[in-house]
Amino acid sequence: MPVPIRRLCVALTLCCALVAGTTACGSGKSSAQQSSDVATKAAAPSPSTSAQKQKFAKTRFVLNAGLAAGATYEWIVKPWKAGKFKKGAHGRKTSLVKAGLAGVFTYNRLKAAQKNAQGDPTLARALAPLSAGIAALKSLPAKLRNGDQNAAASFDDVINKVKDAGKQAGAPVKDQVPSTSQLTKGQ
């Protein structure tokens, strides 16, 4: 025997309300008790200290700075030296798009390397003077897209300074060309 639609809708609504009500009741604690429990858990020391979190600070720095250096050399410096950014050059648009992506990627990886360097006192001191140069790279991808020839030189200059700072701090940086998927993701 068919059941009227109205009766099914009422039954379904009541079931959903009961399930939602029992789920909301949860542990039986008041919201004040739950918030104090959260505060207690947040105040409790975590098993990983800040030293453990930055255990591989130099390794992470070398990886991130190496990826930034590789992207800069492969997609900014080489095309710049080959004259691919000049007006009328064959493949100029493609080179500029790749250089713009590489510029954003480089900035992202250098910021990550700078953050990693904070975990090692020697690296932190070595990179401190370069923070303004790294921050200045943020606007350079737009300049690259507009064909500014000095933007590529700025990228090369900052990368070389980061490499020198890493070398002085005992973390030599070698160029590592990122894959195209890493470049497009920006990480």
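This is a predicted model: local features need pLDDT of at least 70, side-chain atom pairs count only at pLDDT 80 or more; totals for chains, interfaces and linings use all residues.

Me: Where does α4 bend?
Reply: The bend at a residue is the angle between axes fitted to the seven residues ending there and the seven starting there. In α4 that angle is about 40°, and the residue is Y73.

Me: How far apart are the end C-alpha atoms of α4, and what span should its 26 residues have?
Reply: The expected span is 1.5 Å times one less than the number of residues. For the 26 residues of α4 that should give 38 Å, which agrees with the distance between its end C-alpha atoms, 36 Å.

Me: At what angle do α4 and α9 pack?
Reply: Axes are lines fitted to C-alpha atoms, for helices over the stretch in contact, and angles run from 0 to 180 degrees between N-to-C directions. Angles under 35 degrees count as roughly parallel, over 145 as roughly antiparallel, 65 to 115 as roughly perpendicular and the rest as oblique. α4 and α9 are therefore roughly antiparallel. The axes of α4 (residues 57-82) and α9 (residues 149-168) are 10 Å apart, and the angle is about 150°.

Me: Which residues of α9 does α4 meet?
Reply: Contact means heavy atoms within 4.5 Å. From α4 come F61, A65, A68, A69, T72, I76, V77 and W80, and they meet Q149, A152, A153, F155, D156, I159, V162, K163 and G166 of α9.

Me: How are α5 and α9 oriented, parallel or antiparallel?
Reply: Helix α5 (residues 92-117) packs against α9 at about 25°, with the axes 12 Å apart. That angle makes the pair roughly parallel.

Me: Which residues of α9 make the contact with α5?
Reply: On the α5 side the contact is made by G103, T106 and L110. Their partners in α9 are F155, V158, I159 and V162.

Me: How far apart are the axes of α4 and α5?
Reply: These two helices pack at an angle of about 165°, which makes α4 roughly antiparallel to α5. Their axes are separated by 8 Å.

Conventions: Residues are numbered from 1 along each chain as its sequence is written. Side-chain values use heavy atoms; hydrogens and water are left out. Helices (H or I, at least four residues) and strands (E, at least two) are DSSP runs, numbered from the N terminus.
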